Amino acid sequence: MAGIKSLVKDTAIYGVSSIIGRFLNWCLVPLYTAVFVPEEYGVVTNIYAYVAFVLVFLTYGMETGFFRFARRNEHDLSSIYTTTLTSIGFSSILFVALLWMFIEPVSAAMKYSSTPSYVLMMGVTVAIDAFTAIPFAYLRFKQRPIRFAFLKLVNIGLNIGLNLFFILLCPWLWKVAPDAISWFYDPTYGVGYIFVANIMSSAIIMLLLLPEIIAERFAFDGKLLRTMLTFSFPLLIAGLAGIMNQNIDKIIYPYLFEDQTIANYQLGIYGANYKIAMVMIMFIQAFRFAYEPLMFSKKNEDKAKKNKEYADAMKYFVIFGLLIFLGVMFYLDVFKYIISPKYYEGLVVVPILLAAELCYGIVFNLSLWYKNIDKTYWAVVFTMIGFVVMISIIITCVPVYGYIACAWAALACNAVMMVCSYFIGNKVNPIKYEVRRIFSYVVVAAVLFAISHFATTQYFWLNIAINTILIALYIVIVVKREKIKVRLKR
């Protein structure tokens with residue numbers, strides 16, 4: 001029992017710190033969209049998509065590999081840790097060196113030949129983040145969640161503070177006292193200061209992690225490294241496939257248009273409105289942090305009991321996911337204020353992206369069937385199927401329909417993965433999900449969403465009142481059908 005309590009406590013700390021971090025980064029969106037026009041914000045969206053891909057590439061599954069080998073006690077911890085750290089450190093330095101040597105052709109290929117410093121700065125940043133992923137893993141292994149969470153939140157705080165400094169304070173100082181900052185500040189650099197803030201905060205966190213970096217006696221083991229790389233390589237492939245599904249639309253978007261200004265404008269609109277759907281992503285991450293460790297802790301329980309718990313978890317995940325979908329859409333007139341009015345034309349993609357992320361959350365729930373039988377290669381299979389669907393829609397439809405095709409591609413990708421995982425899992429390792437009841441809640445949510453759409457008026461508060469009644473109706477239906485007891489204190 002004590003072990004479970006410790007697990008829940010640590011999970012809460014790791015989960016809350018990550019979610020707070022995402023939320024605080026989310027809070028930068030109003031700043032970015034207020035200060036920068038869509039063409040400029042499109043550059044940020046595009047480069048961050050590359051960053052997500054390169055980060056997976058530079059860690060190449062070694063974070064998971066460290067946990068696997070450290071927990072099995074087959075090798076000395078010092079050898080495992082310093083071997084992993086040396087490997088990631090060497091590959092990160094090599095990446096930065098190659099990027100610096102070939103920065104001109106690389107930036108030209110990415111369509112940033114006029115601003116190669118953007119590419120170089122984010123390349124250095126992602127290399128630092130890849131390296132520090134191992135000390136952070138070391139903290140988790142050593143069960144030091146407080147320091148882990150503290151450093152993560154310091155990183156976010158630094159990033160936000162530096163963004164506010166460069167994007168708000170420096171332009172004001174340039175107007176009132178330009179000589180005070182002219183030695184380091186260029187008012188024409190624009191979105192480049194977002195990348196400056198990133199590289200500075202990442203570098204400071206690496207310095208703060210120095211006690212962990214040198215915590216173990218250096219004991220590099222080449223044979224161990226080969227074994228770890230063999231283990232981690234499939235994880236790299238799965239990770240790259242997964243991250244490509246989430247970011248390929250933002251990476252290839254500029255290549256689908258001859259006019260780069262138009263491409264960046266549309267990508268900026270899409271990227272800003274994608275941030276509104278982050279509400280669903282934060283819910284999924286919170287669920288994942290709390291759910292996955294607890295479910296795997298039930299490994300030795302009766303199979304029928306476990307499957308019933310999996311089925312219940314899926315049902316309530318969908319119920320709450322639909323509640324979030326309705327909450328965001330019913331109060332979109334409020335949520336939309338996190339972005340500037342000049343981005344409102346892209347609000348049409350929000351319901352599609354929310355549905356896509358909900359499907360992705362269901363895919364995560366379904367993944368337990370192959371994780372429990374150690375057949376994780378199915379993750380690669382489903383991800384590649386989804387990738388083919390997504391890339392096909394993007395290439396054929398984006399040049400015609402623009403960024404809305406990216407949203408539909410994301411939904412189609414996740415929906416196909418969801419269906420494939422369900423039907424194959426039902427044959428290989430069946431779990432009796434309450435499919436009919438889950439589908440009935442989807443229908444209820446769809447009907448309420450349609451009513452809200454057709455009942456929309458020109459009066460803000462009347463719309464809010466109607467939608468509040470509709471979301472209350474959804475909650476009442478769920479409570480009555482699930483026979484949830486609600487106790488009211490008198």
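This report walks through the fold, the core, the salt bridges and a surface patch of the protein above.

A few ground rules come before the tour. The model is predicted, so local features need pLDDT of at least 70 and side-chain atom pairs count only at pLDDT 80 or more, while totals for chains, interfaces and linings use all residues. Residues are numbered from 1 along each chain as its sequence is written, and side-chain values use heavy atoms, with hydrogens and water left out.

**The overall build**

Let's start with the big picture. The protein has 22 helices and zero strands; helices (H or I, at least four residues) and strands (E, at least two) are DSSP runs, numbered from the N terminus. Along its principal axes, the C-alpha trace spans about 65 × 60 × 55 Å. For 490 residues, a compact globule would have a radius of gyration near 23 Å, and the protein agrees with that at 24 Å. That radius is taken over C-alpha atoms, and the globule rule is 2.2 Å times the number of residues to the power 0.38.

How much of the protein is buried? Buried residues make up 48% of the 490 residues, where buried means under 20% relative accessible area, exposed means over 50%, and partly exposed is in between (1.4 Å probe, protein chains only).

Contacts (heavy atoms within 4.5 Å) tell you how the chain folds back on itself. Among those with a separation of 6 or more, 83% are between residues 24 or more positions apart.

In soluble globular proteins, nonpolar side chains tend to be buried together. Here, the largest nonpolar core has 150 residues, and Y270 and I339 have the most contacts inside it. Helix α7 (residues 116–141) gives the most to this core, with 13 residues. A nonpolar core is a set of buried Ala, Val, Leu, Ile, Met, Phe, Trp, Tyr and Cys residues joined through side-chain atoms within 4.5 Å.

Which residues does I339 touch? Leaving aside neighbours within four places in sequence, I339 is in contact with V29, T33, A272, N273, I276, Y344 and L347. Under that rule about neighbours, K336 is in contact with I276, Y344 and L347. K336 is found in the loop between α16 (332–335) and α17 (350–366), and it counts as buried because its relative accessible area is 18%.

Now look at S202, which sits in helix α10 (residues 192–208). Its relative accessible area is 5%, so S202 is buried. Apart from neighbours within four places in sequence, S202 is in contact with T125, I128, D129 and N155.

Helix α4 has its own buried set: M62, G65, F66, F67, F69 and A70. The buried residues of α4 pack against α3 (38–59), α5, α7 and α12 (222–252).

**Salt bridges**

A search of the whole structure finds nine salt bridges, each being a side-chain nitrogen of Lys or Arg within 4 Å of a carboxyl oxygen of Asp or Glu. Here are some of them, with the distance between N and O.

| E63 | R140 | 3.3 Å |

E482 is buried at 11% relative accessible area, while R437, at 26%, counts as partly exposed. K315, E434, R437 and E482 are linked in a network of salt bridges.

E63 and R140 are both in the table, and they link distant parts of the chain too: E63 lies in helix α4 (residues 62–72) and R140 in helix α7, 77 residues apart. E63 is partly exposed at 27% relative accessibility, and R140 is partly exposed at 35%.

Is D249 buried or exposed? D249 is buried, with a relative accessible area of 1%, and K250 is buried at 7%.

What makes up the nonpolar surface patch of about 700 Å²? F90, L94, L98, W100, M101 and F102 do. Patches are made of residues with over 30% relative accessible area and no salt bridge: like charges are joined within 9 Å, and nonpolar side chains (Val, Leu, Ile, Met, Phe, Trp, Tyr) within 5 Å. F102 lies in the loop between α5 (77–101) and α6 (103–109), and F102 is partly exposed because its relative accessible area is 42%.

Terms used. Accessible areas come from the Shrake-Rupley method with a 1.4 Å probe; for residues, only the protein chains shown count as cover.
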